[in-house]
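Here is a short report on pockets, surface and charge pairs. Keep the structure open while reading.

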Amino acid sequence: MARRSADLHIRIDPETKAGAEQLFSAFGITVTDAITIFLNQSLMVGGLPFEVRQPRYNAETEAAMQEARDIIAGKVEVKSYSSFSGYLADMEDGDAEI
């Protein structure tokens with residue numbers, strides 16, 4: 001007698017698994033059901049059933065992301081405030097950046 005199913009073992013971090021279970025349960029399906037749908041769609045379209053590409057950002061967004069990386073890495077010194085009123089005072093004086 002032919003086997004009606006085959007086992008597929010994957011490793012995934014627990015947070016992703018829990019999130020997927022929660023998401024798919026809202027549709028009334030299991031993660032196994034979702035994977036089966038994905039695989040069948042892949043076979044039907046002859047590849048991944050969605051477009052795979054790297055995100056492209058405009059120059060201003062790229063510059064902002066690089067500035068954030070530099071701040072995190074400690075390459076750029078930033079001014080901090082102990083209160084919002086201090087920030088507003090600097091804004092009025094033109095010393096604070098948005």
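## The largest pocket

A pocket here is an open set of grid points with protein on both sides within 12 Å along at least five of seven lines. The model is predicted. Its largest pocket holds about 500 Å³ of space.

Which residues lie nearest the centre of this pocket? They are Leu-8, Ile-10, Val-31, Thr-32 and Ile-35, out of 17 lining residues. By class, the lining divides into ten nonpolar, five polar and two charged residues. Helices H1 and H2 (31-45) each supply at least two lining residues. H2 gives the most, with six.

Leu-8 is found in the segment before helix H1 (14-25). Its relative accessible area is 58%. The cut-off for exposed is over 50%, so Leu-8 counts as exposed.

## Salt bridges

Side chains of opposite charge can pair when their charged atoms come close. How many salt bridges does a search of the whole structure find? The search finds three.

One joins Glu-21 and Lys-17, with the closest N and O atoms 3.1 Å apart. Both residues sit in helix H1, four residues apart, which means about one helical turn separates them. Glu-21 is partly exposed, at 35% relative accessible area. Lys-17 is partly exposed too, at 43%.

Another joins Arg-53 and Glu-51, with the closest N and O atoms 3.3 Å apart. Arg-53 counts as exposed, at 65% relative accessibility. Glu-51 is exposed as well, at 62%.

## A link between distant parts of the chain

Lys-79 forms a salt bridge with Asp-90, and here the closest N and O atoms are 2.6 Å apart. This pair links distant parts of the chain, eleven residues apart. Lys-79 lies in the loop between helix H3 (59-72) and helix H4 (84-93). Asp-90 lies in helix H4.

Asp-90 counts as buried, at 11% relative accessibility.

Terms used: Residues are numbered from 1 along each chain as its sequence is written. This is a predicted model: local features need pLDDT of at least 70, side-chain atom pairs count only at pLDDT 80 or more; totals for chains, interfaces and linings use all residues. Side-chain values use heavy atoms; hydrogens and water are left out. Buried means under 20% relative accessible area, exposed over 50%, partly exposed in between (1.4 Å probe, protein chains only). A salt bridge is a side-chain nitrogen of Lys or Arg within 4 Å of a carboxyl oxygen of Asp or Glu. On a 1 Å grid over the protein atoms alone, a cavity is a set of points where a 1.4 Å probe fits but cannot get out, and a pocket is an open set with protein on both sides within 12 Å along at least five of seven lines; lining residues have an atom within 4 Å of a point. Grid points are joined across faces, edges and corners, and a volume is the space filled by probe spheres set on the points. Ala, Val, Leu, Ile, Met, Phe, Trp, Tyr, Cys and Pro count as nonpolar, Asp, Glu, Lys and Arg as charged, and the others, Gly among them, as polar.
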